[in-house]
Each structure stands twice: as structure tokens, then as C-alpha cells.
Amino acid sequence: MNASFWRGSLVWGLSLALFTVPAAAQDTPVLSLDDALERSGVVETGSDNPVNPRLIGPVEDAAAARALIDQARLRPNPELSFEAENFAGTGAFSGLSATDYTLSVGQRLELGGKRGARVRSAEAEALVASLEGELATARLGREVRARYVEAVAAASRLELARDIVERNRELARIAGLLVEVGREPPLRALRAEAAVAEAEAELQAAEAASLASRTALAALWSDTASAPLVPADFPAIVPPANLLVSEGSLRLQVARAEREAADAAIDRERSLAVPDPIISAGVRRFEQSNEQAFLVGVSIPLPFANRNQGNIAAAQARLRAANAREAVALADYRLEIEQARSRYLAAETRVETLAQTSLPQAEEALRLVNVGYRNGRFPLIEVLAAAEARDTIREALIQAREDRGRLAAELIWLAAQ
């Protein structure tokens, strides 16, 4: 066989290696984003009780707060009192012959609107707990989407690393043959072998990163036994169309509910400053005369020193703090929406530029280099440089898509209502 036949075969093999991007087909079912949201409990699956520990806590806190509403509605229990007088003394009061027995029932009367204030305060606290539960679910949804995007990006980088290894191995083989026929100097073969070693090291790092990201995703529903498989294609995460500040946002609702709960706590503490009388009625038996009589009584605490002023002042301070937190929450919410929206639009523009302009141009440049190499106008080093430039753009495109998905998850979280 002549040298021209070898050169033609090598160029053909080189072209196949550079333009073919092998896709790793996997028969194992992969986890979709919808599946991940269902497993984590973010999307309801028909079960009334969540199984994810990250959601059980907030749900039970809300249940506890609702139970306190029922407790707040209850009135004070009556008090049963029994007394024995004039016994075990001296003289006429020795023994039990002169003993007087009194049996009475007392009832504390709540004044100052204590019960109503107590119920309103409990209802306000229950609303805070309920909204915080919904906020926890929305927060978990953001984490699931973000970690899923990270896992997909890691899978894409793993696929890219495998492509680079296969390409560099083929280039190393071709370079060795070119050195044998005298078309390339021996240094080219050494450089190609070094590129293979570097690509294999990057492949191992990409495999470890993919496993770590998939394990982190499964940890969101406490499944640490296995790391689910995810596709290398990014999911379509569409942020809300209306990204304006909404008073119905969960975060603002929680801040508002906390302020209302603090306000209700002031009324509750003020009502406790009003003393509650205890009305009692009973019967007394005189053992010595074998007679009995009815009695009634009333007792009223005298609020000389303790007028619950400390608790009232503390509740007023908590209200001022809640007002401040609500104002800060609104300001931060507006800022976060504007920042996330601008970053998302920038990431989306970068994805479109890389996918529609940069990557096609890099592919065309690589094709032209191969044509020139086939005609003897470019050395192998130019082909390697063009292939590396294309791979750099592929990595940049993966990063841009990851940023876009993460920011879309952030916007969905910010718009949660």
C-alpha cells in the first residue's frame, strides 16, 4: 500500500472521530424532574400525610398550632373545695364532735375579653404555622429543581468527558500511525498520549461529580441508599410569566401573619392584666348541732404590683420587631426578584448565543481545519486546537443551561403563593 492510501485512511478516521459525538444509551429508567418532585412530596400524590421528613416537621407544627386553637376556646374548669374546721383541738373542740364540714364549688369568671383574645392569638399563630408549612414545601421545590439541574449538568459533563476521551484515544492512534509514515514528528504522538491521560483523569472527576450530585438529589427525600439516574438533557423549567412583586407571595404572607400574630399577642397580654373573680357556693354542716347552712363567696385578686406590664411591654416590642421584619422582607423580596429576573434573562441570552451561534461556528471551524488538514495545509496540532475550542464551547453551553435552570427554580420559589 502506498503512502497516499495511508494518508487518506487516516484523514477519514480522523474526520469520523472529530464529528461523531457518541451518545451513551442507558437501558436503566432515568428520573425525570416530575418524578423527583413527586418523590420529595412537593407535588401531591394522593396521600394525605407526607412521608418526607423535611415536610413532616412543618405539617405537624401546623397541626399543633390548630390544636392550640381548640385549647384556647375552652373555659376555666370549676373548682371543688372541701374544708373541715374545729377538730382535734382542746376542750370542747377535742375529737370530731364540734367539727364543721364545708363543701363548695367555685368558678373563675374571665373578664376583659380574655377568652376572645386568647382564641384570636391562637388563630394568628396557627396561620403563621400553616403558611410556614407551605413555605417549606415551596422551598423544598426550589431545592429539588436546583439539585436536579445540577445532576443533569453533571451528567452532561460526564457525557462530554467520555466524548473527549474517545476522541483523544482515536487521535492518539492516528498520530501514532502518522508518525510511522513520517507525516508527523514523534513529538505529536507524545502530546496525543498526554492528552489521553489528561482526558481520562477528567473523566474520573466527572464520574465522581455526577455521583455526588445524584446522591445530593436523592437526599432531599432521604433516599441515601441509591443515586438515581438522570438524563443529560436539561428539563424545561419555565419561570412565572408575571415576575412583579405580589402581595400574595408566601414570604410576604408569612411576614404579614407574624406581624398580625404579634398584634394579637398584645391584646391577649392586656386582657390578662384584668383580674378574674372566683365565685363560689357551697354547704356547711355543723356536726355539734347536726345542722347545715348554705354559703356563697367571691374572691378577687388585687393587682397592686403585678399588672402583667412586663409581658405587655414585651409583646409591644415583638410587634415593632415584626413590623420591621415585614418591611425588610418586602424590600428584600423586590430586590431578589429583580436580580433573579435579570440573571435569568442574561443566562437565557447566553444559552441562545452559544447554541445558535458559537457552537455551530466552532463546528464549522473544525470542519474547515479537517479539510485543510486533508489537503496538507494544516498540521495535526491545528486539528487538536479546533477540537478543544469546540469542547470549551460545549462546556460553556452546559454551564449556561445550568445557570438558567437554577435561576428559573429561584423565580418559581420567589413567586410561590
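Helices (H or I, at least four residues) are DSSP runs, numbered from the N terminus.

The model is predicted: local features need pLDDT of at least 70 and side-chain atom pairs count only at pLDDT 80 or more, while totals for chains, interfaces and linings use all residues. Residues are numbered from 1 along each chain as its sequence is written, and side-chain values use heavy atoms, with hydrogens and water left out.

Tyrosine 148 has contacts (heavy atoms within 4.5 Å) with Leu31, Ser32, Leu33, Ala36, Leu217, Val230, Pro231 and Pro235, when its neighbours within four places in sequence are left aside.

Asparagine 52 is found in the loop between H2 and helix H3 (53-73). This asparagine 52 is buried (under 20% relative accessible area, with a 1.4 Å probe and protein chains only), its relative accessible area being 3%. Its polar contacts are pairs of N or O atoms within 3.5 Å, one able to donate a hydrogen and the other to accept it; residues adjacent in sequence count only if both atoms are side-chain atoms. The side chain of asparagine 52 reaches the backbone oxygen of serine 40 at 2.8 Å, and a polar atom of that side chain lies 3.0 Å from the backbone nitrogen of arginine 54. Apart from neighbours within four places in sequence, asparagine 52 is in contact with Ser40, Leu140, Leu220, Trp221 and Ser222.

Helix packing was examined with axes fitted to C-alpha atoms over the stretch in contact, and with angles from 0 to 180 degrees between N-to-C directions. The axes of H4 (residues 114-181) and H8 (residues 380-414) come within 8 Å and cross at roughly 175°. H4 and H8 are therefore roughly antiparallel to each other, a description applied to angles over 145 degrees. The residues of this contact divide into 16 nonpolar, three polar and 15 charged. Here Ala, Val, Leu, Ile, Met, Phe, Trp, Tyr, Cys and Pro count as nonpolar, Asp, Glu, Lys and Arg as charged, and the others, Gly among them, as polar.

Terms used. Helices (H or I, at least four residues) and strands (E, at least two) are DSSP runs, numbered from the N terminus. Angles under 35 degrees count as roughly parallel, over 145 as roughly antiparallel, 65 to 115 as roughly perpendicular and the rest as oblique. Buried means under 20% relative accessible area, exposed over 50%, partly exposed in between (1.4 Å probe, protein chains only).
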